[in-house]
Amino acid sequence: MNNKKLLFITQGAVIAALYVVLTVASGPLASYSPQVRFSEALCVMAAFTPAAIPGLFIGCALANWFTQASIFDIVFGSLATLIGAVGTYLLREIALKFKWSGFIASIPPILANTIIIPFVLVYAFHLEGTLIYHAAWVALGEIIACGVLGTGLFYLLKKYRDKLKI
C-alpha cells in the first residue's frame with residue numbers, strides 16, 4: 001500500500017472516530033429536535049481532504065447506530081452528511097481562495113441537513129410539529145455547529161494546514 005492511500009484511510013478513520021465521539025458525547029443534544037450536533041462542524045474538513053467525505057459518512061452512520069437511531073436516521077442522516085461533505089469538497093477552491101470565505105464551506109451541510117433531517121424527524125421518529133418547524137430547528141442547530149464552530153475550525157485548519165499535512 002502506498003503512502004497516499006494509507007494517509008487517505010488514516011485521515012478518513014480519524015475523522016469518522018472524531019464524528020462518533022463528538023456525537024455520542026453530546027448526548028440528547030445531538031438527536032431529535034431541536035438539535036445541535038457539534039460533530040457536523042467536521043464537515044468543513046472536506047475542503048481540505050477528500051478523505052473527509054467517506055470519514056464523515058461512516059462516522060455519521062456509526063454515531064446514529066451507537067445512539068440507537070432508527071434505520072431511517074442511519075440511512076438518511078448519513079446521506080445528508082455525505083451530501084453536505086461532497087458539496088463542501090466541490091466548493092473547496094472558493095472556500096480556500098478568499099480570506100473571509102470560510103463560511104462557504106459550511107453552507108452545503110447546513111442546506112443538506114435542513115432539507116433532509118426534518119423528514120426523518122417527522123416520519124421516522126413521529127415527532128410532533130410540521131416539517132417547517134423541524135427544518136427551522138435543524139437549520140438553527142446546523143448554523144451553530146457548521147456555520148459558527150465549523151467556520152472556526154475551517155480557519156484554524158487553514159492557518160495550520162501545512163504543518164498538519166492536510
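Figure 1. Asn113 lies in helix H5, where helices (H or I, at least four residues) and strands (E, at least two) are taken as DSSP runs and numbered from the N terminus. This is a predicted model, in which local features need pLDDT of at least 70 and side-chain atom pairs count only at pLDDT 80 or more, whereas totals for chains, interfaces and linings use all residues. Residues are numbered from 1 along each chain as its sequence is written, and side-chain values use heavy atoms, with hydrogens and water left out. With a relative accessible area of 4%, Asn113 is buried, a term that stands for under 20% relative accessible area, while exposed stands for over 50% and partly exposed for values in between (1.4 Å probe, protein chains only). When neighbours within four places in sequence are left aside, Asn113 is in contact with Glu40, Ala80, Thr81, Pro118, Val138 and Glu142, contact being defined as heavy atoms within 4.5 Å. Trp137 is 24 residues from Asn113 along the chain, and the C-alpha atoms of the two are separated by 11 Å.

Figure 2. One cavity of 30 Å³ or more is counted, and the largest cavity has a volume of about 140 Å³. A cavity here is a set of points, on a 1 Å grid over the protein atoms alone, where a 1.4 Å probe fits but cannot get out, and lining residues have an atom within 4 Å of a point. Grid points are joined across faces, edges and corners, and the volume is the space filled by probe spheres set on the points. The lining of the largest cavity is made up of 19 residues, of which Ala30, Gln35, Arg37, Asp73 and Ile117 are the closest to its centre. At least two lining residues come from each of H2, helix H3 (71-90), helix H5 (107-124) and H6, and H5 supplies the largest share, four residues.

**Figure 3. Aromatic pairs.** Across the whole structure, a search finds five aromatic pairs. Among them, Phe48 and Phe154 form a pair that is tilted, because their ring centres are 5.2 Å apart and their planes stand at 45°. Rings of Phe, Tyr and Trp (its six-membered ring) pair if their centres lie within 6.5 Å, and planes under 30 degrees apart count as stacked, over 60 as edge-to-face and the rest as tilted. This pair links distant parts of the chain, 106 residues apart, with Phe48 in the loop between helix H1 (3-26) and helix H2 (52-66) and Phe154 in helix H6 (residues 131-164). Both Phe48 and Phe154 are buried, and together with Tyr155 they form one aromatic cluster. Another tilted pair joins Trp65 and Phe66, at 5.1 Å centre to centre and 55° between the planes. Trp65 is exposed, with a relative accessible area of 54%, whereas Phe66 is partly exposed at 49%.

**Figure 4. The nonpolar cores.** The largest nonpolar core holds 20 residues, of which Tyr19, Met45, Ala52, Leu56 and Phe154 touch the most other members. Such a core is a set of buried Ala, Val, Leu, Ile, Met, Phe, Trp, Tyr and Cys residues joined through side-chain atoms within 4.5 Å. H1, H2 and H6 are the elements that give two or more residues to this core, and H2 gives the most, with five residues. Apart from this core lies another, of nine residues, including Ile74, Ile117, Phe125 and Val138. Not counting residues up to four places away in sequence, Phe154 touches Val44, Ala47, Phe48, Ala95, Leu96, Gly102 and Ala105.

**Figure 5. Residues in the loops.** Gln68 is found in the loop between H2 and H3, and its phi is near 60°, a positive value in a residue other than glycine. Gln68 is exposed, with a relative accessible area of 69%. His126, in the loop between H5 and H6, likewise is a residue other than glycine with a positive phi, near 55°, and His126 is exposed with a relative accessible area of 62%. Gly27 lies in the loop between H1 and H2 and counts as partly exposed at 27% relative accessibility. From C-alpha to C-alpha, Gly27 and Phe103 are 26 Å apart in space, and they are 76 residues apart in sequence.

Note on methods: On a 1 Å grid over the protein atoms alone, a cavity is a set of points where a 1.4 Å probe fits but cannot get out, and a pocket is an open set with protein on both sides within 12 Å along at least five of seven lines; lining residues have an atom within 4 Å of a point.
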